[in-house]
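Here are my notes on this one, as numbered points. Have the viewer open while you read.

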Amino acid sequence: MYPDRVVSGMRPTGALHLGHYHGAIKNWVRIQSEIESLFFVADWHALTTHYDEVETIEKNAWEMVIDWLAAGIDPEKATIFIQSRVLEHAELTLLMSMSTPLSWLERVPTYKDQIQKLAHKDLTTYGFLGYPLMMAADVLVYRANKVPVGEDQLPHMEIMRELARRFNYMYGREKGFDEKAQASAKKLGNKQARIFMELRTDYQEKGNTESLEKAKAMLDQAGSLSTSDRELLYGYLLGSRKQILAEPQALLTEASRLPGLDGAKMSKSYGNTIALRDDKETIARKIRTMQTDPARVKRTDPGDPEKCPVWLFHVVYSDDETKEWAQQGCRSAGIGCIQCKQPIIDAVIRELEPMQERAQQYVAKPALVREIVEYGCEKARKLAGETMRDVREAMGLGYSGK
């Protein structure tokens, strides 16, 4: 229906750390070579929880872009932009809010969870409640069909799909829809049109998914169809309305969940991170002070790697031989915790050193970073504008001046 496209964003709430890199950015670097990718700085989303701490948002946004570039996000392969500079995100959020049931937003698992975790903040705001709606608009405005997420984010994906489905059902209604779809089918040619109709009937009457996939392939490969024709025929095939917004699928990605220095989730708000631009001395000091198995009170006490946050770093950074050395040494008390941490210190420094060198090159060229972002914003606005023209028209807002 639409070209394969990935969209993902990150809030600029502080220095990027190893949790960000292994949880998301590392996958972005891989994905950008496989599929059209758009990555954005979610500065509006930062305001949903940091609305009273706006002083650092702009600085954090530019630092985040530098870290992305240093980590391997390639502006020749991926589109990098800032959310607030593409106003279509806000417009689609507003228009979708007109038909989004309040109960859908209240049932999102992270809503009450975040309110409890951030109890020191007043999050009983319209913006925070609408966070999932804006998140959906961020993706739907580009008609992206894939979103790289971990399993914990699947509830957000489901509401995103439900919102797209609801919008298409409400606003994809078009007078004479069946007649227009049949007219579009004729553009396939008589033989292909007949085959398409047979496949549609087989799918709708018998639920034959093989027929559905064959019909989809016909639409994707038909050079005689315009985008509008494909929209009509795709909706006609599924027995639904015109597909104005694409329903994105979750692109489950492997994410290494590095713990923070205290064993909890690595997060700036917990003060337990290793930043991507920490110097060697800071990295060594932080890792040496990491919590370990509480059962190892003395150097001679045996430990259990499964109960030690440092072991999870070994899982990510160490080869099999080093892992075996750490396992045996810990369980037998043959090595101390400081010894166990040294290979991790060396590996983290080795991983971050080239990133930090590249980061300094971009720090020295702020005009280049801004040029990359401005180019990305222009491209994003163009793609989003194509979607919004159809959205406005479907909602009776596409005034032609006639």
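**Notes on the model**

1. Let's begin inside, with helix H4 (residues 88–97): Glu88, His89, Leu92, Thr93, Leu95 and Met96 are its buried residues. Buried here means under 20% relative accessible area, exposed means over 50%, and partly exposed is in between (1.4 Å probe, protein chains only). Helices are DSSP runs of H or I with at least four residues, strands are runs of E with at least two, and both are numbered from the N terminus. The buried residues of H4 pack against H2, strand S3 (78–82), H8, helix H9 (154–171) and helix H18 (366–394).

2. Some ground rules. This is a predicted model, where local features need pLDDT of at least 70 and side-chain atom pairs count only at pLDDT 80 or more, while totals for chains, interfaces and linings use all residues. Numbering runs from 1 along each chain as its sequence is written, and side-chain values use heavy atoms, with hydrogens and water left out.

3. The overall picture: the chain has 18 helices and five strands, and its C-alpha trace spans about 80 × 45 × 40 Å along the principal axes. Of the 402 residues, 50% are buried. Taking contacts (heavy atoms within 4.5 Å) with a separation of 6 or more, 78% are between residues 24 or more positions apart.

4. Arginine 143 deserves a look. You'll find it in the loop between helix H8 (131–140) and strand S4 (146–149), with a positive phi of about 50° although it is not a glycine. At 6% relative accessibility arginine 143 is buried. Leaving aside residues up to four places away in sequence, arginine 143 touches Tyr2, Glu231, Ile244, Ala246, Glu386, Thr387 and Asp390.

5. What does arginine 143 form with aspartate 390? A salt bridge, with the closest N and O atoms 2.7 Å apart; the term needs a side-chain nitrogen of Lys or Arg within 4 Å of a carboxyl oxygen of Asp or Glu. Aspartate 390 sits in helix H18 and arginine 143 in the H8–S4 loop, so the pair ties together parts that are 247 residues apart in sequence.

6. In one of them, the side chains of glutamate 63 and arginine 277 meet at 2.6 Å, N to O. Glutamate 63 belongs to helix H3 and arginine 277 to the loop between strand S5 (249–252) and helix H14 (280–288), so this pair ties together parts 214 residues apart in sequence. Glutamate 63 is partly exposed at 27% relative accessibility, and arginine 277 is partly exposed at 27% too. A network of salt bridges links Glu63, Asp67 and Arg277.

7. Glutamate 213 is partly exposed at 45%, whereas lysine 216 is buried at 19%.

8. One more backbone item: alanine 333 has a positive phi of about 60° although it is not a glycine. Its place is in the loop between helix H16 (320–332) and helix H17 (337–363), and alanine 333 is buried, at 13% relative accessible area.
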